[in-house]
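This report describes selected features of one protein model. Please study the sequence and the structure displayed below before reading on.

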Amino acid sequence: MSRGRIVVERGGRVESEHRFVWRLADGEHDEQAFLRSAAKPLQALTAVDAGVLERLGLDDRHLAIACASHGGSPEHVARVAEILAACGLGVAQLACGAVAPRDPVAAAALQGAPRRIHHNCSGKHALGLALCVVEGWPVDGYLEAAHPLQRAMAAAVAGALGVDAPAQAIDGCGMPTFHAPLATLASAFGRLAGGGLGEAGARVAAAMRANPGLVAYPGAIDTELMAALPVVAKIGAEGVIAIGCDDGRGVAVKVADGALRALDPAAVWAAREVLGLPAGGAALATLAAPAVCNSRGTVVGRLAVAPSS
């Protein structure tokens, strides 16, 4: 059965639980979800195909940050700023909102109020703007679904998922997000990691694998999976993650209630038990069974995967 439970234990007793579903690349198309930021590597394909990196003198670090839900660290912000500078634009052209850095270390070190460039999706927006400049598309209104940028991104996502036209809604950063079967997301990541999405897909996968710390930040589940294993992994808001292997296999996971605290153990479990990967090491061990701490910093419980019921 492709369902599971994450239980929250306190004092040796179950206090609450989160349910999750998972689908393989060749699985049933019954479970659907908004892909949220898990679609970013697929949205980046169109800029790679258009030669944006070569034409603007950018490299795979900039591609990785475009696929990222980054932490807002100085390094992350610098890579986004370089994309904008390369196409002659600035932070003012970013249409995402200003949010605090997601990386706790970066958030604690931030001086002053956060800016749009600190938004975890600013890399996607910056590469999208670069594509607009290269293609001669208007920069204004680039968030609109009818804008050439969004039409191109939607076509790339649909092609990677193998669907005609996934339903859309508005994501947290203002760009469209896509609603599709989890199995198609798993298939897309298997093809992405395994070379089945052409030269553009191979470059996206290589950039993410070479720069896992740019795709998120230390301690984030997708960063740690790619640091430890030969996979491509990307989370999305509301408890989504997709993991692709170089042999073409893929899995997608969705936490039913959207709780991100349940996503880490569910993702490590899926890597180990569904994909059969040796997901070891201290970082993944911590994410597999996150501690519950009180306000004094004392460990009072754990999250863990439990048998499905």
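Does Glu-224 count as buried or exposed? The model is a predicted one, and in it Glu-224 has a relative accessibility of 15%, so this residue counts as buried. The cut-off that matters here is 20%, since buried means under 20% relative accessible area.

**Glu-224 and helix α12**

Glu-224 lies in helix α12. When its neighbours within four places in sequence are set aside, Glu-224 is in contact with Pro-218, Gly-219, Ala-283, Leu-284 and Leu-287. Between Glu-224 and Leu-277 there are 14 Å in space, C-alpha to C-alpha, while the two residues are 53 residues apart in sequence.

Helix α12 as a whole is mostly covered, with six of its eight residues buried. These are Ile-221, Asp-222, Thr-223, Glu-224, Leu-225 and Met-226. The cover over the buried residues of α12 includes the helices α10 (198–210), α11 (212–215), α13 and α14 (282–288), together with β6 and β7.

**Helix α13**

Helix α13 spans residues 263–274, and nine of its twelve residues are buried, so this helix is largely enclosed by the rest of the structure. The buried residues of α13 are Leu-263, Asp-264, Pro-265, Ala-266, Ala-267, Val-268, Ala-270, Ala-271 and Val-274. After α13 comes Gly-276, which has a positive phi, near 70°.

**Pockets and a cavity**

| Space | Volume | Classes of lining residues |
|---|---|---|
| Largest pocket | about 280 Å³ | eight nonpolar, two polar, three charged |
| Second largest pocket | about 190 Å³ | five nonpolar, six polar, four charged |
| Largest cavity | about 50 Å³ | six nonpolar, three polar, two charged |

The largest pocket is lined by 13 residues, and those nearest its centre are Tyr-217, Gly-219, Ala-220, Ile-221 and Asp-264. Helices α12 (221–228) and α13 are the elements that give two or more residues to this lining.

How many cavities of 30 Å³ or more does the count give? The count comes to one. The largest cavity is lined by Lys-40, Gln-43, Ala-44, Thr-46, Ala-47, Ala-66, Lys-124, Leu-127, Gly-128, Leu-131 and Met-153. The elements that each supply two or more residues to this lining are α1 (40–43), α2 (45–49) and α7 (122–135). Helix α7 provides the largest share, with four residues.

Most residues other than glycine have a negative phi. Two residues of this model may be considered against that background. Arg-36 is found in the loop between β3 (32–34) and α1, and its phi is positive, near 50°.

With a relative accessibility of 42%, Glu-238 counts as partly exposed.

**Helices α8 and α9**

At what angle do helix α8 and helix α9 pack? Helix α8 (residues 148–161) and helix α9 (residues 182–194) pack at about 90°, and their axes are 8 Å apart. This makes α8 roughly perpendicular to α9. On the α8 side, Gly-159, Ala-160 and Leu-161 take part in the contact, and they meet Thr-184, Leu-185, Ala-188 and Arg-191 of α9. By class, this contact has four nonpolar, two polar and one charged residues.

Helix α8 also contains Gln-150. The relative accessibility of Gln-150 is 4%, so this residue counts as buried. Apart from neighbours within four places in sequence, Gln-150 is in contact with Tyr-142, Leu-143, Glu-144, Ala-145, Met-175 and Pro-176.

Notes. Residues numbered from 1 in each chain as written. Predicted model: local features only at pLDDT ≥ 70, side-chain atom pairs only at ≥ 80, totals over all residues. Heavy atoms only, no water. Buried < 20%, exposed > 50% of the residue type's maximum accessible area, 1.4 Å probe, protein only. 1 Å grid on protein atoms, 1.4 Å probe; cavity = no way out; pocket = protein on both sides within 12 Å on 5 of 7 lines; lining within 4 Å. Points joined across faces, edges and corners; volume = space filled by probe spheres on them. Nonpolar A, V, L, I, M, F, W, Y, C, P; charged D, E, K, R; others polar. Axes fitted to C-alpha atoms, helices over the stretch in contact; angles between N-to-C directions. Parallel < 35°, antiparallel > 145°, perpendicular 65-115°, else oblique. Contact = heavy atoms within 4.5 Å.
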